[in-house]
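Dear colleague,

I am passing a structure on to you, and below it you will find an account of what turned up in it. Please read the text with the structure open beside you.

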Amino acid sequence: HDNGDLDDFFAPSAITSSVLALAIQEIDGEPRVLVGLSKHPWLVRLHEDGRTDAAFSVRQQEFGLNGSVTLIAVQPSDGSVVIGGSFSSSAGGWPFRRLGRLKRDGRPDTDGFRVLSSALSIDSPPTALCIDGAGNLIVGGTFWRPGSEDYSHLVRLTATGSHDLTFNPSPDDRVMAISCDANGGLIVGGE
């Protein structure tokens, strides 16, 4: 509740492993809770009372999401969901490796989002994520591109997943936390 009291009405039965990430997504004027998990089902969306939202369907079986979701951010412009974690692409059809975007209903957004092309390789799960006021993704982690000055530990991707080469802060170690403000400012923390 607003005063900090525990809400006994909220009873999520779908939470069967450790919670690694949370975000609020508004659907038809009602808040939903997105929950990233350490084990299958990896990602769920809950109603205010904790019931699983059956309208959110991430393909999670043999050909779907296949690893923990540790980061969640909701695109303010269209309600799509950006996730980061230890999942990988699969021959069966899951299109994303470590970072991806889902449509509002949980389906992979392969039409409007392409990341991890040959120009950008995130070689470990990202550890921080935020969406700036322009809809760009700011992604932090331990990743780096050997022998390149293009990026290290912190990148900015456009809303479509393209690497923004004009952004090159190059912190000297792992980025663990990022906060974006609506005016394009960043606060970055890490090692």
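Read along its sequence, the protein follows the pattern β-β-β-β-β-β-β-β-β-β-β, and its secondary structure comes to zero helices and 11 strands. Helices (H or I, at least four residues) and strands (E, at least two) are DSSP runs, numbered from the N terminus.

Before going further, please note that this is a predicted model, in which local features need pLDDT of at least 70 and side-chain atom pairs count only at pLDDT 80 or more, whereas totals for chains, interfaces and linings use all residues. Residues are numbered from 1 along each chain as its sequence is written, and side-chain values use heavy atoms, with hydrogens and water left out.

On the overall figures, 46% of the 191 residues of the protein count as buried, where buried means under 20% relative accessible area, exposed over 50%, and partly exposed in between (1.4 Å probe, protein chains only). The accessible surface comes to about 9600 Å², and 50% of it belongs to carbon and sulfur atoms; these areas come from the Shrake-Rupley method with a 1.4 Å probe, and for residues only the protein chains shown count as cover. Among contacts (heavy atoms within 4.5 Å) between residues at least 6 apart in sequence, 40% join residues at least 24 apart.

As for the interior, a nonpolar core is a set of buried Ala, Val, Leu, Ile, Met, Phe, Trp, Tyr and Cys residues joined through side-chain atoms within 4.5 Å. The largest such core has 27 residues, and those with the most contacts inside it are L43, L65, V69, I72, I83, L137 and V139. Strands that each supply at least two of its residues include β1 (19-27), β5 (81-85) and β8 (137-144), while the largest share, four residues, comes from β4. A second, separate core of eight residues includes A128, I138, F167 and I178.

Finally, a search of the whole structure finds one disulfide, that is, a pair of cysteine sulfur atoms within 2.5 Å. The bond joins C130 to C180, with an S to S distance of 1.8 Å, and the link is right-handed, with 50° about the S-S bond. The pair links distant parts of the chain, 50 residues apart, with C130 in strand β7 (residues 128-131) and C180 in strand β10 (residues 175-180). C130 itself is buried, at a relative accessible area of 8%.

With best wishes
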